[in-house]
Structures are given as C-alpha cells and as structure tokens.
Amino acid sequence: MQDAFDAENINRKLWVLYFVLFFSFAVIIYRLVYLQLLNNEELLIRSHKNFLRLATILPDRGDIVDCKGTVIATNKPFYVLSWKSVYKKVLTYDQVLELQRVAAILELSKSEEQELLAHISRASKLQQIYSFSKPLTSKQVHMIKEIFPAHENIFIQTLYQRYYPYSTVASHLIGYVAKGAENVEGKIGLEKLCNDSLKGSAGTILKSIDSAGSAIQTTLLRQSLHGNSVVATVDMNLQLISEQVFLHEFIGAMIIFDPHTGAVKALVSRPTFDPTVFLNPIAQKAWDALQVKDTFVNRALVPYPPGSIFKLVTMCAALETGIIEPDSSWHCKGYTVFGKRKYFCARRRGHGTLSLKEAVAYSCNTLFFEIAKKLDIDVLADYAKRFGFGQKTGFLLYEQHGLVPNRNWKREIKGQPWWPGETLSAAIGQTFLLASPLQVACFIGSIFTKKLYRPRILENEPISSRDVDIQDSTLHFLKKSMKSVVRRGTGKGIPAIKDLQIYAKTSTAQISSLKKAEFNKNYSEHGWFAAYFTYKDQAPLVLVLLVEKAGTSRVPISIAKQFFLRYRSFMHRSDK
C-alpha cells in the first residue's frame, strides 16, 4: 500500500516536472520565434545602432564675388584641437603631463590650465570628445603635430568658417552669417538674400565604430555639394574708393549707381560693422554696443527728408504745367509773404535778379515758394511719383517706400485738411516728404535717361525700367541747371576735374526748427549731394551722398570732391 502511494506521488511530481519543462521550452521557442521571425527587423536596426553612426558632412558655403570676379566673401580653413577619450574613464598621470604640455603650447595661464583639465576629466568619464574653444595658429599646429604625431587622444580637425577678405567693407551689402540649427545661415544682406543658393547641400557618411567610439570603417552615402557662387553688381574698386572718402566719423550713406542698367556699383552705410563677430557667440556687452547707433540699419534704404534735391521735381512740375517758362527771370529779395507770414530764402539778404537756371543753381527758396502758391499739392505729388518717390524701387534687399504727401494722405493719416502753407514747405523738399538715398539715385538717373530703372544687386537679375512721363525739353532744362550747380551754384566746391563731366544738386534738409538746431547738434540738418558724372567715354554713373546731422551740404560736397579726385586718378591709371 505504501509502495502504491509512493509510486503515485512520484508520478505526480514527474507530471509537474514534465509540465514545467514543456512550458519552459514553449516560452523559449516562442521567444525565439518572436525575436528571430516577428521582430527581427527592429532588433537588427537596434543592433546596427550599437556600432553604426550616421554623420553629416557640412558643405562649403558658396563665394560672393563682385562684378569683376573679386572675392568679397568666402571660406577660410581653421584648426581645432580635440581630446578623445579612449577606453579609460580617468586621466592617467602621463595624460595629465601631456595635457600640461599642450597648455604650454597654447600659452594658457595656470587657472586656464586647471579649467582645461577639469573639462577633459568630465569628458573622459562620459567617453566624449572635448574640443578646445580657440582655433590654433599655424605655429601651434606644427608644434602639436611634431610633439604628438600619432597620439591616441590628441587630434587636430580642419574646419571652415566664413571669411570676409575686406573686413568691414560693404558689410551692409554683403551681410553676415550666424550658426543655425544645422549649419550657418545668412542673417542680412546678400548672405540672407541668397542663402538657399550659397549654403549648398549636406552629405552623409556611415561610420562603423568600436566599443570605445573609434571609427573602424567609414562609408560615404551621399557627397556634400558646394554652395553656388553669387555674383554681385558691386565693383570693389568703386566700393573701396567710397569707403575711403566716407570717413567713419560720419553717419549716413553713399551710393554709386549705374543709371543705364540699374546696377548698384557701390553702397556704403555708416556706421559699419565687422561681419566676422557673429561666427562665434557674441557677448551681450558687445551686442549692446552695436545697437547704440543702429549699426545694422542700411541707411541707403532708409527714407530721409530730401530737402532741396526735391526742388528739381518742383521745377519739373512748374514747367510741365506752364506755371513758369524756362527763359523766365526772378528777383529774390530774401523772402516771400504768404498768409501774413514771411517765408525766408536760405540767403536772407536775397540773391537779386536770377535766371530760372541760376535760381536752381543757387537753390533760391523764394522762387519755389512762389511756384508753390500756384501749384496744387496733388499735382506736385503726381510728378514726384512719376520719378519713383513714395514707392519702393524694387530692390531685392529690404527697403522702405518713403512718403509723398497729398490731400487724401493728410486726411486719412492725420485726420486734417491739407493747408496751402504746407505746399510751400513741400516745394522745397520739407514737410512730410521722405525719400531714401537709393530712390534719389534712381531719380537723378531718370533725368538723364528718361527711364526709371529698377536697382539691381545681382548680375543675373534682369534689367527692367519704366518710362518717365516728362517732356524732353523739361529734362533738358533740369540737366542744364544741374550743370550750373557745379559751375557757380551751391556745388561750386567741386572743382573742375579734367576728363570728368559732373551734373549735381545739393541739399540741406531740416529735421526740426532752426532754433532747436542752433542749440542742439542732434537737431542739425542732414546734408545731401547727388550727381550724375561721366569720365571720358566711359559709362555714366550716379553718386548720392547723405550725411546725417551735418548741419550743411558742405560736408557731403567735401566727400564728393575727394571721391571724384580719387575716381579720376583710378580711371586715369586704368587707361594706361
């Protein structure tokens, strides 16, 4: 009986054992099926990730060149020293000694050396690569390669960064780049405008790595593509002359413009900046210093009161509407009266009797006040818009449209009617009128071409223009008047220069009352100088200068004089 009980007990245990074994084998088989058949693709990917790494090959950014092929923005190699942790997570005594030698080559202070060791120790614990922040000089590269020719921890990377051969020259035109999420991105100027073309296309490589993170095999999956070059209309010869004559002590803008193609040949905006400061993170203090004088504002594209340059528009409207005849004469006694108020000429004792051409040459205010008494503001606004004022020029860089006031504008914006006395101010380029130096350049060019060309900054932009609806006889009179400005008028500070024909108009534009300007230079008048000029049989060019708070047009006239002298000297050398 006992034997039967023991046998039954043994059988029961065997069945339990069989069941456990069967269940165990079933679980193992199911797990194998799950891993090998059902989930093999995901596990294969995860296993590859343990020893395969995808890396991006950053492309070289394309160059920016001027119209003659001179490189004005490119890439420059630089060398970065790195420490790579291999196997050991703690620095050895020998490694510390080697790092101290590196610190000596880099001319680090004791505190900087200790900080370096601390950073590398942390990187070693995490099995990471630590890159030294400062690029190496050529001398340092040679010394490190000589002392550590094949070191397992120390290696030198060759990287590339944006390089501007002319430093601050044409900085507002070229712009700058800053580090983005994946690569550098253009922020202003041509760098931003042409960013998609300049940045190229990144490549990809596949790395097989060992347990220490070292690459044991590299496979190129996709080649990086170099960015395209961009050809600007700017001529660096003219740009450099412009930069030299427009001293850094002034604030304002200078433009050289081709009136027959719309090409901007030079553009200066003061103050300027060094575009390389954004290649690395910039300190808050340095950033704040750049904001003090609106350094990044391209003043060539910002509207200002045009002052007496606008008198050419007023004279055009007067001649076209028959208010005055080209052979008229005028007697200036220093002021005119309107609405029981005296409106004074810039020369308070008066100019005496003048021909119409002389009145433009001497910029006699009273003649234009008299014209304004007979000229409707809407008519004046119409002629201003024919010459492109109050509207964007179509330039690819960001610009403001300026302002040409009329009755509707005053009623809608100010909620007031247009007062006749305001037309007197508008006739001499004051009141609400605003125009950018680029708009003035287009306007001056249109007097001589009878076409308003869209300004271009890229050589591959199509040349486009629209006709200016003004009679040839009127434009001819404006040309003669501008010639007189230089010969004996307000621009006579420009000397007669051999082989150079110059037509010009000057302007002193008020930004506040004269009494305020007298006691506070921050309210001083802006100075303008605009000219159309030709050297021998070369293509003509337009020069526009604006100097903020100059107090007089003598400042831009002086700058223009230096430009013409240097330009003539350069062209004379080029002839040889």
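In this predicted model, V33 is part of helix α1, which spans residues 2–38. The relative accessibility of V33 is 33%. V33 therefore counts as partly exposed, since that class lies between the buried limit of 20% and the exposed limit of 50%. V33 also belongs to a nonpolar patch on the surface.

R454 sits in a loop. This loop connects β17 (451–453) with β18 (465–467). The relative accessible area of R454 is 18%. Buried means under 20%, so R454 is buried. Which residues does R454 touch, leaving aside those up to four places away in sequence? They are T261, G262, T393, G394, E461, P462 and S464. With P462, a polar atom of the R454 side chain lies 3.1 Å from the backbone oxygen.

A hairpin is formed by β14 and β15. Strand β14 covers residues 335–338, and strand β15 covers residues 341–344. The two strands pair in the antiparallel sense, over four bridges. Within this pairing, F338 stands opposite R341 of β15. Two residues lie between the strands. G339, in the turn, has a positive phi of about 60°. In a regular strand, side chains alternate between the two faces of the sheet.

Key
Residues are numbered from 1 along each chain as its sequence is written. This is a predicted model: local features need pLDDT of at least 70, side-chain atom pairs count only at pLDDT 80 or more; totals for chains, interfaces and linings use all residues. Side-chain values use heavy atoms; hydrogens and water are left out. Patches are made of residues with over 30% relative accessible area and no salt bridge: like charges are joined within 9 Å, nonpolar side chains (Val, Leu, Ile, Met, Phe, Trp, Tyr) within 5 Å. Accessible areas come from the Shrake-Rupley method with a 1.4 Å probe; for residues, only the protein chains shown count as cover. A salt bridge is a side-chain nitrogen of Lys or Arg within 4 Å of a carboxyl oxygen of Asp or Glu. Buried means under 20% relative accessible area, exposed over 50%, partly exposed in between (1.4 Å probe, protein chains only). A polar contact is a pair of N or O atoms within 3.5 Å; within protein, one must be able to donate a hydrogen and the other to accept it, and residues adjacent in sequence count only if both atoms are side-chain atoms. Contact means heavy atoms within 4.5 Å. Two strands pair if DSSP finds at least two bridges between them.
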